[in-house]
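Visitor: Hi! I have a model open and would like to walk through it with you. Could you start by putting it on the screen?

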Amino acid sequence: MIRGTGSDRVNAEDAVAACPAARAALRVQLPRAAAIACAALTVALLSGCVDVSMQAYKRPETPEKTNWSSSNAITVSAADTISPDWWKAFGDPELNGLIERAITGNFDIKSLASRIRVANAEIAEAHAGELPTADLGAGVNYQKVTGQTFTKQYNAAGQVNWDIDIWGAVQKGVEAQQAEFHATEADWRAGYLMLVSNVSTTYFQVLQFDDQISQQQVTLDKNRQMASILDGMSQTGLVPKTQVLQQRAEVNRLTTNLIDLKRSRDLANNALATLIGAPAGTFQLPSGHLQQRVQLPAVPAGLPSQMLARRPDIVAAEFRVLEAYKLTHSAKLAQLPTVSLTGHGGTSSFALSDLLKSFTYGFMPSIDIPLLDPAVRAHVKTTEAQTEVAEHDYQRTVMTAFQDVENALVNIDADRKERAEIQQQVDQLRVVAAQVEAQLKEGVVSQLEVFEAERSLLAAEQQLLTNHAQSLSDTVLLYQALGGGWQAVDVGPAALAAAPTESPANAAPKNAPQIR
């Protein structure tokens, strides 16, 4: 009983039962000195109990999505998952080698790996708040007072202090930093996935430029021959001079386009060099033919629920929600009284030889009751607002991911339909070109008509090449939107119990190069 007069008399058991924080204080097993302090702490809590309760963590709510609307683009079962080394489905050893070089040489991915090491070190830094601290010092004091002799005093002292984490506020901060560690790991996976995607699409661009340059050169040669024929016909009066000038202008236009294609090819090659970690200008990708070297793979879209647990940026966003949740809990617990144990000892002497002959020591338990600290209460509000921001960021990331997948599927489906139409156009123009060539041998048509048929065929073949390159890039974007081949991650308090690994790429896909 806490004794009082009249209505001031309070039953301690009833008061403790009404206060969650007080109940927690009585459940904690502490040394005797700390138990005495907690008795005083319980009395303080009875006078004004603070709310430190937290609901169990749960993933922020997002609109449910059970399937993809553009299912026409999916060519395999929705239950199939993406291979860890999904880029090998394009069937190009040159691409595989470039990706390996990029993973080991790209500086962006190395920077992300270093951030993982920083987050790992910060876990130990946060955990240090639970441990005692010790100080040891020694010195000498020189003193001269008017009218007295000069004195020297030697001293040595040590102190041990332990702020006991009774309520677990420091531990919640450790768990928050563990969540940040896992979030930075997911950031690394997202960077890994983006790097592979950028290398793939840039590689496709370079090969596309190679094919376009080859086709443009053929078209330019045909138009030069046509200009030469028209020039001869103009001299005999069969065609006007203006037609010759128009054809020469066409040759100028095609030449300009060829120069621009070569420039674009060089710029894309420089971008590819930077991605793989080579200085621009020191790396040159050999010329190749995109349609012959890179094949279109199947499209394993998976399920929306799989994407939520596998896409790295979503995983990182959810871990940061969990981090904010833990920081809020830590801020609430900081409103409760704190208990400190301090031990100190030392010695002093006017002679150095007598320094170790006598010692003084002491032990001081103390309790700090925050009766009025507006900053602590304000910090709780701040962390609660930051948790809301993290939740909304997670929801925005999920919605953006849904859009990315749907857009990629729409583009792949449109690419497939366009490819069928362009292929029919090419097939038909090949028949026309062959027939016109046969008619030329019989003298039915002129060489100009043959050139015109060939030019139309080349233009259609260029469209087919562009469609193939776009289909490859859209497929890469789909793989990226679905989260690549990463394993699903179960984000929650249980995930924080896993000890951090030394490798920054501990969850890298099988056969994926590791960062050292």
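Visitor: Thanks. Where does Glu180 sit?
Guide: Glu180 is in helix H6. Before we go on, please keep in mind that this is a predicted model.

Visitor: Noted. Is Glu180 buried or exposed?
Guide: Glu180 is buried, because its relative accessible area is 16% and the cut-off for buried is under 20%.

Visitor: Let's look at the helices, then. At what angle do H6 and H10 pack?
Guide: H6, residues 169-235, and H10, residues 312-333, pack at about 165 degrees, and their axes are 8 Å apart. That angle makes the two helices roughly antiparallel.

Visitor: Which residue classes make up that contact?
Guide: By class, the contact of H6 with H10 has 14 nonpolar, nine charged and five polar residues. As for handedness, H6 passes H10 in a left-handed crossing.

Visitor: What about H10 and H11, how do they pack?
Guide: For H10 and H11 the angle is about 165 degrees, with 8 Å between the axes. H10 and H11 are therefore roughly antiparallel. H10 passes H11 in a left-handed crossing, and by class this contact has 13 nonpolar, six polar and six charged residues.

Visitor: And H4 with H6, at what angle do they cross?
Guide: H4 and H6 cross at roughly 140 degrees, and their axes come within 10 Å. H4 and H6 are therefore oblique to each other, since only angles over 145 count as roughly antiparallel. Their crossing is right-handed.

Visitor: What follows H11?
Guide: Gly443 follows H11, and the phi of Gly443 is positive, near 80 degrees.

Visitor: New topic: aromatics. How many aromatic pairs does a search of the whole structure find?
Guide: The search finds eleven aromatic pairs. One of them is Phe90 with Tyr479: the ring centres are 6.5 Å apart and the planes are at 75 degrees, so this pair is edge-to-face.

Visitor: Which parts of the chain does that pair link?
Guide: The pair links distant parts, with its two residues 389 apart. Phe90 lies in the loop between helix H3 (32-47) and helix H4 (93-105), and Tyr479 lies in helix H12, residues 447-481.

Visitor: Are those two residues buried or exposed?
Guide: Phe90 counts as buried, with 0% relative accessibility. Tyr479 also counts as buried, at 6%.

Visitor: What kind of pair do Tyr142 and Phe150 form?
Guide: Tyr142 and Phe150 form a stacked aromatic pair, with 6.2 Å from centre to centre and 25 degrees between the planes. Tyr142 is exposed, with a relative accessible area of 52%.

Visitor: Which residues form an aromatic cluster?
Guide: One cluster is formed by Trp86, Trp87, Phe90, Tyr203, Phe204 and Tyr479. The edge-to-face pair of Phe90 and Tyr479 belongs to that cluster.

Visitor: Last one: where is Pro286 found?
Guide: Pro286 is in the loop between H7 and helix H8 (290-293). At 48% relative accessibility, Pro286 counts as partly exposed. Pro286 and Glu94 are 192 residues apart in sequence and 9.8 Å apart in space, C-alpha to C-alpha.

Conventions: Residues are numbered from 1 along each chain as its sequence is written. This is a predicted model: local features need pLDDT of at least 70, side-chain atom pairs count only at pLDDT 80 or more; totals for chains, interfaces and linings use all residues. Side-chain values use heavy atoms; hydrogens and water are left out. Helices (H or I, at least four residues) and strands (E, at least two) are DSSP runs, numbered from the N terminus. Axes are lines fitted to C-alpha atoms, for helices over the stretch in contact, and angles run from 0 to 180 degrees between N-to-C directions. Angles under 35 degrees count as roughly parallel, over 145 as roughly antiparallel, 65 to 115 as roughly perpendicular and the rest as oblique. A crossing is left-handed if the near helix is turned anticlockwise from the far one by less than a right angle, and right-handed if clockwise. Ala, Val, Leu, Ile, Met, Phe, Trp, Tyr, Cys and Pro count as nonpolar, Asp, Glu, Lys and Arg as charged, and the others, Gly among them, as polar. Rings of Phe, Tyr and Trp (its six-membered ring) pair if their centres lie within 6.5 Å; planes under 30 degrees apart count as stacked, over 60 as edge-to-face and the rest as tilted. Buried means under 20% relative accessible area, exposed over 50%, partly exposed in between (1.4 Å probe, protein chains only).
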